[in-house]
Amino acid sequence: MTINKSALALSIGAALLAGSAQAQENKLYLFNWTEYMDPEIIEAFEAKHDVEVVQNYFNSLPEMLSKLQAGGVSQYDIIVPSNYYVPRLIKTGLVQPLDKSKIPNFDNLMDQFKDPIFDPGAEYTAAYQWGTTGLVYNSETFPNAPKSWSLLFDPEVNPEHPFALMGDGQVNLGGACAYLGHGYDCTDPEGWKEAARLLIETKNRETFSGFSDGTPQLQQLARGVTHAGLTYNGDYLYFKEEDPETFASLQFMIPDEGAEMWVDSMMITAEAPNPDLAHQFIDFILDAEVGAQLSNFNYYASPNAAAEPYLDEVLTQPPVQPSEADMERLRFTPSLEGESLQVFQQLWSEVQSR
Amino acid sequence: MRKRTLKRSLTGFWWFTLAFLYLPLAVVALFSFNASNSAARFTGFSWRWYERLLGNEEILSAFANSMVLAIVSSVIALVVGCLIGYGMYRHRHRKLGWLIVLIYLPIVLPDIVFGISEMAFFVQVHRLTGFLQPGLGTMIIAHVTFQIPFVALIVYSRFVGLDPTLFEAAKDLYATPTKRVIHFMLPTIKPALISAFFLSFTLSVDDFVISFFTAGPESATLPIYIWGAIKKGVSPEINAIATLMIAAVAIVAVISLIFSRRRQA
Amino acid sequence: MSYAGVIPSARSRAMVRESRHLLLTVAPGAIWIIIFLVLPSAYLMGVAFMTNGPYGLPEMPLSLGSFERLAGFGFLGWSPGNLYTLLRSLWQTLVSTGLVVLVAYPIAYYISTCREKWRPIMLLLVVVPSWTNQVIRTFGWMNLLAPGTPLSSLAEGLGLIAPNMGLYPSNFAVTLGLVYNFLPFMVLPLYAAFEKLDTAQVEAAQDLYASPVRAFWHAVFPQTLPGLLAGVVLVAIPAFGMYVIPELLGGGKGMMLGNLVASQFSGGANWPLGAAGAILMLIATFIGLYAMRRIGKRLGGGEEVVI
């Protein structure tokens, strides 16, 4: 009797300690951006390999990184970070190299994605989608909006309508740098300081409505809470397709001072519960038809060369494929480390708290 | 005369405060039936946001997690807290200052400090030993930790309110300590146990911050799901889930009212 | 000899039994709190004295760098950001606690003057909103104060806010959210105090002092002070460390200490700095508690102050 009881108590305790949600053989844990995956692709993968895919979502890269640091590194199999977080993840040992022999479809990628500058030789990354971060605004409010960051940063261009900035400080700082003429990808401390000062002035304007992430900003615009903000080209098209009436008056624009271009890549966490399945999943996504299905669902440009014949027409024109003139002005967000990362963190925390 | 105006203005203020308390909840409920995706204008009645909820596996599993978390943590806290409550009463003449401090600690610690310490600690322990992986288990541990003091204090104050001679009588009546516990102790403190369980359950359901920092990939609770949805910007669906939760709370309130009425009568 | 030895040993056996009883009842809970709260808090305090690694995680050697950062010193010289956050937290706590008192005092009094059978229902009505999750409650205010809603339009019409803007997001919305969130915590202890009010004393005071204000001040107020102090503790401490409300209603302008601490962890920025912020929060909390105790004791109501 007492032995039974203590055995019960022990097993309950052990279950608590070990965490009841221990990863199982047949589960894949995918940690992805919100609204970034076609449910049908997940269903197809689950049916093909007889597994369950557990999806978790993040709205920003800092959020993703903090979840990995808080134990996620041994709980998620696949993460989908953007280019400028890739070196950071590699150097902190949060991810593991890919075994290309398990990913035959890797060859489907376009050449520039097989050797990206943020991960030479693509040892850790398999490109997922690529896109741009631009300004989005209500064209009824701003019928003559300039193709410029001044829509956000110049109180004379937008004196009286609420607007938002990005939740991720690096994008804001880049935008402010571009507006000030230092270029979107500036990293010199003087340029940054000037940009941070501009951000502090901007956030203290009466019409500033807050820092929020790219996807929710579209909802705010659609609901009329804000009239200008920042978002991603594909999300803009995705929601426009879903609600054409509301989005008729919303426009997406790449400012002439330059803006962000990004590549999101699939990576496998260092202590992934199920690395084999993770490799199979990456291979599945890199399949020509699945890759096209993904882009057709997401409205983002595909890094998959083999997928091209299956892509919808909308994916071959702006804003998914930026015009050549715009393309020249797009830059990667710089990947920060060491002192420059700390300087950035301090500037950004200063912007947030003042 | 002056008294009457005072009373009247107080009545007015009472109704104003009630409106203040219930307006936000009423607006959530109203807009959960809004036909359009607008937070400002009500354009017509529709069930569409509720329809979206049905069959949303994430919400159902978040609901299940919330329930498992609240029930399991409340049961553990009830057992552990009840023991402390009794120990504190029985040995109240000893110097138990350290115990009092220990018990008040979870109550006075700000949520955010509580949640972050647990998270940082669990991560470190997991790195060293492999135990305490973030998930429902760590959330239960964290919730029990903040529930124990409330249970202990409720049980303790119930014991203090009892006539000490009852204990002597029980000693004469029942031979063994086990019998004393089953036939005397537990029935006497039953009301305290019920309200302690109820309070623990409420505290668990009401918590967001501590859950948020101790959760794992598969253990999102309803508040965590709603937080994510707000951050994502999908408003009308949140209205619908929130309305269901408000309705549940309202039902519990009415039940507890009837319950207390019956006891009075 | 044998005779002399028996009594002490029987007594000491009883003491051992009592101590074992104490251990058996109290130990599980005490150990639980020590392992799962005292140790984690101690660990967090340790983190505050570590060096911030290149990617925001704590590293050796020990240093006071995070406290310097908290005080505002960094690569860029001194900057006032964190000071602003601290002052904003104190200000919001002060204003919202004051407003909560102003609303709760008449409400608690009013309930205590109503018929006895209505009182439980009235208290329940005050408490029920706080049974819903605070995320939901705050979300309700987001809906209510957004641009274009009747309240915002009214405020716009009165010239209180700029055109096209809503009452949310703003520092005002944060204050409102705090008041809403904590009102029940003040009403309950105040009501308990009013219920126990010695009416004879009040009537005597009414005879003694001509003006009702003075009668209130000398007879009623001191009696409700313990409840008031308990309420202030229950409101001010959690309000000072609030995370959810400024995050959802502040719109990037209302950052409070809780957000500063949280963002060092949830933004993957700087764990030691976050831990140092947590220590600051704890110090403020304990100073607050101590001050309340002292005030309570000096004014005679010390015994009844909850904490």
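In this predicted model, E35(A) sits in the loop that runs between β1 (27-33) and α2 (39-49) of chain A. Setting aside neighbours within four places in sequence, E35(A) is in contact with T215(A), D235(A) and Y238(A).

What about the other residue of the pair, Y84(A): buried or exposed? Y84(A) has 22 C-beta neighbours inside 10 Å, and because the cut-off for burial is 20 or more, Y84(A) counts as buried. Like E35(A), Y84(A) is found in a loop; here the loop lies between β3 (78-79) and α4 (86-91) of chain A. Not counting residues up to four places away in sequence, Y84(A) touches F118(A), Q170(A), F332(A), T333(A), P334(A) and S335(A).

Next comes the way the chains meet. Between chains A and C, 30 residues of chain A are in contact with 30 residues of chain C. On the chain A side, α3 (61-69), β7 (208-212) and α15 (338-353) each supply at least two residues, and α15(A) gives the most, with ten. Sorted by class, this side of chain A has seven nonpolar, 15 polar and eight charged residues.

Chains B and C also meet, with 61 residues of chain C in contact with 62 residues of chain B. The makeup by class is 45 nonpolar, 15 polar and one charged residues.

An unreviewed UniProt entry lists "transmembrane region" for residues 21-50, 90-111, 172-194, 228-249 and 269-291 of chain C. Take residues 172-194 of chain C: the span is 100% helix and 0% strand, with its end C-alpha atoms 31 Å apart. Residues 269-291 of chain C are 91% helix and 0% strand, and there the end C-alpha atoms lie 34 Å apart. Chain C is also divided into domain 1 (1-42) and domain 2 (81-304), whose C-alpha centres lie 42 Å apart. Chain B has two domains as well, domain 1 (57-221) and domain 2 (234-265), and their C-alpha centres are 24 Å apart.

Finally, there's the nonpolar packing. Which residues have the most contacts inside the largest nonpolar core? They are I116(B), V151(B), V155(B) and I226(B), in a core of 155 residues. Helix α6 (residues 136-160) of chain B provides the largest share of this core, 15 residues. I116(B) makes contacts with residues of chain C too: leaving aside neighbours within four places in sequence, I116(B) is in contact with F213(B), L44(C), V261(C), F265(C), G274(C) and A278(C). Apart from this core lies another one, of 98 residues, among them F153(A), A228(A), L315(A) and V351(A).

Notes. Residues are numbered from 1 along each chain as its sequence is written. Chains are lettered from A and ligands numbered from 1 in the order in which they are written. This is a predicted model: local features need pLDDT of at least 70, side-chain atom pairs count only at pLDDT 80 or more; totals for chains, interfaces and linings use all residues. UniProt positions are given in the numbering used here, feature names are shortened, and annotations may be inferred rather than shown by experiment. Helices (H or I, at least four residues) and strands (E, at least two) are DSSP runs, numbered from the N terminus. Two residues are in contact if their C-beta atoms, placed from the backbone, lie within 7 Å. Ala, Val, Leu, Ile, Met, Phe, Trp, Tyr, Cys and Pro count as nonpolar, Asp, Glu, Lys and Arg as charged, and the others, Gly among them, as polar. Domain bounds come from an automatic or database domain assignment. A residue is buried if 20 or more other C-beta atoms lie within 10 Å of its own, exposed if 12 or fewer, and partly exposed in between; C-beta atoms are placed from the backbone. A nonpolar core is a set of buried Ala, Val, Leu, Ile, Met, Phe, Trp, Tyr and Cys residues joined through C-beta atoms within 7 Å.
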